Amino acid sequence: MRVSQATTDDAGAIASVHIASWREAYRDLIDAAVLDSMNLEERTARWKRTFEHGRTSVLVVRVEDSVVGFVAFGPSRDADAPSGSTEVYALYLLPNVWSQGYGAQLWDAVVHAAREQAGAMITVWVLVGNERASRFYERMGCKADGAEKQEETLGVVLRENRYLLAL
């Protein structure tokens, strides 16, 4: 297992992880038809655009040269976050490698990067009802701060809670 910087060549693998993880993690939270509509080619193109823009850091975790998870992060988009705060935009793993420590490895890499930039805080938004993710972030030292938001994704309005880690 190794964590490394992702490249545009990883876009398809990241898209596959993204889709597989959403379909498993959110199957009781988002209508199945919406999850089934996730398209690998479209999602790959979105990740390629993310790399082209260069504003988001993306790390992958590989097992035997296969991408099994990723994390995307960058400056916090929250208006109330202290200057220099980092936001985790996405952290997903293939369902068959959940609970094997890969998520913690990705999280630790984000914490290290944020500390190197003298950041004050890391924020992450978690879909309401995603108890697995809530427990994960709590194990990583995060606390829910009571902030909520609604965001439209795939034509569905999703409610999210914010978790914070003070550095």
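**Salt bridges, helices and cores**

Biologist: How do the side chains of aspartate 65 and arginine 2 meet?
Modeller: In this predicted model, they meet in a salt bridge, at 3.2 Å from N to O.

Biologist: And which parts does that pair tie together?
Modeller: Aspartate 65 sits in the loop between β2 and β3, while arginine 2 belongs to strand β1 (residues 2-5), so the bridge links parts that are 63 residues apart in sequence.

Biologist: Is aspartate 65 buried or exposed?
Modeller: Exposed, because its relative accessibility is 61% and the cut-off for exposed is over 50%. Arginine 2 has a relative accessible area of 41%, so that one counts as partly exposed.

Biologist: How many salt bridges does a search of the whole structure find?
Modeller: Nine. One of them joins arginine 27 and glutamate 24 through their side chains, with 3.3 Å from N to O. Glutamate 24 is partly exposed, at 30% relative accessibility.

Biologist: What about arginine 46, which residue does it form a salt bridge with?
Modeller: Glutamate 42, with the closest N and O atoms 3.2 Å apart. Both residues are in helix α3 (residues 40-53), four residues apart, which is about one turn of the helix.

Biologist: OK, how accessible are arginine 46 and glutamate 42?
Modeller: Arginine 46 is partly exposed at 36% relative accessibility, and glutamate 42 is partly exposed too, with a relative accessible area of 35%. There's also a network: salt bridges that share partners join Asp78, Asp80, Asp145 and Arg162.

Biologist: Switching to helices. Which residues of α5 are buried?
Modeller: Helix α5 runs over residues 131-139, and its buried residues are Ala133, Ser134, Phe136 and Tyr137. Looking down the axis of α5, they fall within an arc of 160°, so they line one face of the helix.

Biologist: What covers the buried residues of α5?
Modeller: The cover includes β4 (86-93), α4 (102-116), β5 (121-127) and β7 (156-166).

Biologist: And what is α5 followed by?
Modeller: Glycine 141, with a positive phi near 100°. α4 is followed by alanine 118, whose phi is positive as well, near 60°.

Biologist: Stay on α4. How far does it reach from its first C-alpha to its last?
Modeller: α4 has 15 residues and spans 21 Å, close to the 21 Å expected at 1.5 Å a residue. Its buried residues are Tyr102, Gly103, Leu106, Trp107, Val110, Val111, Ala113 and Ala114.

Biologist: How many residues has the largest nonpolar core?
Modeller: It has 26, and the residues with the most contacts inside it are Val71, Val88, Leu91, Trp107, Ile122 and Tyr137. At least two residues of this core come from each of β2 (57-63), β3 (66-75), β4, α4, β5, α5 and β7. α4 gives the most, with seven residues.

Biologist: Which residues does valine 71 touch?
Modeller: Leaving out residues up to four places away in sequence, valine 71 touches Ser57, Val58, Leu59, Val88, Ala90, Leu91, Leu106 and Val110.

Notes
Residues numbered from 1 in each chain as written. Predicted model: local features only at pLDDT ≥ 70, side-chain atom pairs only at ≥ 80, totals over all residues. Heavy atoms only, no water. Buried < 20%, exposed > 50% of the residue type's maximum accessible area, 1.4 Å probe, protein only. Arc of directions from axis to C-beta. Contact = heavy atoms within 4.5 Å. Core = buried A, V, L, I, M, F, W, Y, C linked by side-chain atoms within 4.5 Å. Expected span 1.5 Å × (residues − 1). Salt bridge = Lys/Arg side-chain N within 4 Å of Asp/Glu carboxyl O.
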